[in-house]
Amino acid sequence: MNIDQLRKQFPDEEACRLFFESILWNHGRSCPHCHCLKSYRISGASVRRGL
Ligand SMILES: [Zn+2]
(Lines give C-alpha, C1' and ligand atoms only; values in the text may rest on other atoms or scores of the structure.)
Protein backbone atom coordinates (compact mmCIF):
# COMPACT_ATOMS: atom_id res chain seq x y z
CA MET A 1 0.00 0.00 0.00
CA ASN A 2 1.34 3.40 -0.84
CA ILE A 3 0.44 6.80 0.53
CA ASP A 4 -2.04 7.54 -2.27
CA GLN A 5 -3.97 4.35 -1.59
CA LEU A 6 -3.88 5.15 2.10
CA ARG A 7 -5.29 8.62 1.48
CA LYS A 8 -8.03 7.19 -0.68
CA GLN A 9 -9.03 4.67 1.95
CA PHE A 10 -8.85 7.13 4.81
CA PRO A 11 -9.82 10.53 3.45
CA ASP A 12 -10.33 11.92 6.94
CA GLU A 13 -9.96 11.19 10.61
CA GLU A 14 -13.47 9.79 10.79
CA ALA A 15 -12.78 7.12 8.17
CA CYS A 16 -9.59 6.18 9.95
CA ARG A 17 -11.26 5.93 13.32
CA LEU A 18 -14.10 3.78 11.95
CA PHE A 19 -11.51 1.42 10.52
CA PHE A 20 -9.87 0.94 13.89
CA GLU A 21 -13.23 0.54 15.56
CA SER A 22 -14.10 -2.24 13.13
CA ILE A 23 -10.90 -4.07 14.06
CA LEU A 24 -11.36 -3.53 17.76
CA TRP A 25 -15.00 -4.55 17.71
CA ASN A 26 -15.13 -6.98 14.80
CA HIS A 27 -17.80 -9.00 16.60
CA GLY A 28 -19.73 -5.96 17.61
CA ARG A 29 -18.98 -3.47 20.30
CA SER A 30 -18.61 -5.14 23.67
CA CYS A 31 -17.82 -4.19 27.22
CA PRO A 32 -14.16 -4.94 28.12
CA HIS A 33 -15.24 -5.63 31.69
CA CYS A 34 -18.16 -8.05 31.41
CA HIS A 35 -18.25 -8.58 27.62
CA CYS A 36 -21.86 -7.59 27.43
CA LEU A 37 -22.86 -6.25 24.03
CA LYS A 38 -24.97 -3.42 25.31
CA SER A 39 -23.11 -0.20 24.99
CA TYR A 40 -24.07 3.21 23.82
CA ARG A 41 -22.31 5.67 21.66
CA ILE A 42 -22.01 8.94 23.53
CA SER A 43 -23.57 11.65 21.47
CA GLY A 44 -24.26 15.34 21.67
CA ALA A 45 -22.75 18.51 20.34
CA SER A 46 -20.11 18.82 23.06
CA VAL A 47 -18.79 15.28 22.78
CA ARG A 48 -15.40 14.60 21.27
CA ARG A 49 -15.74 12.39 18.18
CA GLY A 50 -14.94 8.75 18.74
CA LEU A 51 -16.12 8.59 22.30
ZN1 LIG B 1 -20.17 -4.43 30.96
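Colleague: Why does His-35 count as exposed?

Modeller: His-35 has 8 C-beta neighbours inside 10 Å, so it counts as exposed. This is a predicted model: local features need pLDDT of at least 70, side-chain atom pairs count only at pLDDT 80 or more, and totals for chains, interfaces and linings use all residues. Residues are numbered from 1 along each chain as its sequence is written.

Colleague: Why is Ile-3 called exposed?

Modeller: Ile-3 has 7 C-beta neighbours inside 10 Å and therefore counts as exposed. Ile-3 lies in helix H1 (residues 3–9); helices are DSSP runs of H or I with at least four residues, strands are runs of E with at least two, and both are numbered from the N terminus.

Colleague: How many helices and strands does the protein chain have, and why is it called more spread out than a compact globule?

Modeller: The protein chain has two helices and zero strands. Its radius of gyration is 14 Å, well over the 10 Å that the globule rule gives for 51 residues, so the chain is more spread out than a compact globule. The radius is taken over C-alpha atoms, and the rule is 2.2 Å times the number of residues to the power 0.38.

Colleague: What share of the 51 residues is buried?

Modeller: Buried residues make up 0% of them.

Terms used:
Buried ≥ 20, exposed ≤ 12 C-beta atoms within 10 Å, placed from the backbone.
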